[in-house]
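Work through these exercises with the model open beside you. Try each task before reading its solution.

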Amino acid sequence: PKRTETYRDRTGDFYGDKDLLGTDYDTFHEGSFAEGIGLLLLANGDYYKGEWKSEAFSDGNVRLTYTNGVYEGGYSNGKKHGLGRTYKGGCAYKGRYSNRLRDGDGKATDTNGDYQIGTWTNGTLNKDQTHQCRKTYANGDVYEGAYNNDLPHGQGTLTIDKGNEKIELKGEWTSGVFLTPTDKELSPMERFNTVSYNQTNRKYI
């Protein structure tokens, strides 16, 4: 049977079907979770909202606090599943999960504002597929655009901060090599000369 009352146990308050529709119930009950649709609210703000089977949460949406952050999103059979978001401080991931791992399209963001937008498989970003990113190098240079195998690849902009001035390389990249700027017409001679940027030594090769 489905509960329509509110009752408290050692973990929190459980609200049955009618409460999800906005109806409040003041009746206090003790007992175990019934099967059906329900919402469990915990003291720290975490919750389980969805389907319960055999006195356990089966499928739905949750907010759960872990030592490495907070997860909000789909949940199935005790694991992150479906669309969800994990965050702690300035670090976050929003995208698809499967069997508790990042799996599918998503965006990961770091505390410094760097990000990667791409496709994950079994918790790992598919770096051999061209994806979008913003990456800050150890020397302070920042690249934003298409990325593949940890190198600029496709349309992107590298901003070189030299202290008193900033230089931008904006255009087409292939495996870390800057080919042609997109904001000016190249001469025939320039078309034969590609530019490779070594970000460690800040040299053009």
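**Exercise 1: a strand residue and its surroundings**

Task: find the residues that Thr157 touches beyond four places away in sequence.

Solution. Thr157 touches Val142, Tyr143, Glu144, Glu168, Leu169, Lys170 and Trp173, with residues up to four places away left out. Contact means heavy atoms within 4.5 Å. Helices (H or I, at least four residues) and strands (E, at least two) are DSSP runs, numbered from the N terminus. Last, check accessibility. Thr157 counts as buried because its relative accessibility is 18%. The classes are buried under 20% relative accessible area, exposed over 50%, and partly exposed in between (1.4 Å probe, protein chains only).

Two notes apply throughout. This is a predicted model, in which local features need pLDDT of at least 70 and side-chain atom pairs count only at pLDDT 80 or more, while totals for chains, interfaces and linings use all residues. Residues are numbered from 1 along each chain as its sequence is written, and side-chain values use heavy atoms, with hydrogens and water left out.

**Exercise 2: the chain as a whole**

Task: state how many helices and strands the chain has, and what percentage of its residues is buried.

Solution. Start with the elements: the chain has 1 helix and 19 strands. Then take burial: of the 205 residues, 34% are buried. Now turn to contacts between residues at least 6 apart in sequence: 14% of them join residues at least 24 apart.

**Exercise 3: an aspartate in a loop**

Task: decide whether Asp46 is buried or exposed, and find the partners of its side chain.

Solution. Locate Asp46 in the loop between strand E4 (36-42) and strand E5 (47-53). Asp46 counts as buried because its relative accessible area is 4%. Now list its contacts. Beyond four places in sequence, Asp46 touches Leu40, Leu41, Arg63, Leu64 and Thr65. The side chains of Asp46 and Arg63 form a polar contact of 2.6 Å. A polar contact is a pair of N or O atoms within 3.5 Å; within protein, one must be able to donate a hydrogen and the other to accept it, and residues adjacent in sequence count only if both atoms are side-chain atoms. The side chain of Asp46 also reaches the backbone nitrogen of Thr65, at 2.9 Å.

**Exercise 4: the largest pocket**

Task: describe the lining of the largest pocket by residue class and find which element gives the largest share.

Solution. Begin with volume, about 480 Å³. On a 1 Å grid over the protein atoms alone, a pocket is an open set of points where a 1.4 Å probe fits, with protein on both sides within 12 Å along at least five of seven lines; lining residues have an atom within 4 Å of a point. Count the lining next: 28 residues, with Ala92, Tyr93, Arg102, Ala108 and Asp110 nearest the centre. Strands E8 (79-88), E9 (91-98), E10 (101-109), E11 (115-121) and E13 (131-136) each give two or more residues. The largest share, 5 residues, comes from E8. By class, the lining has 12 nonpolar, 5 polar and 11 charged residues. Here Ala, Val, Leu, Ile, Met, Phe, Trp, Tyr, Cys and Pro count as nonpolar, Asp, Glu, Lys and Arg as charged, and the others, Gly among them, as polar.

How values were computed
Points joined across faces, edges and corners; volume = space filled by probe spheres on them.
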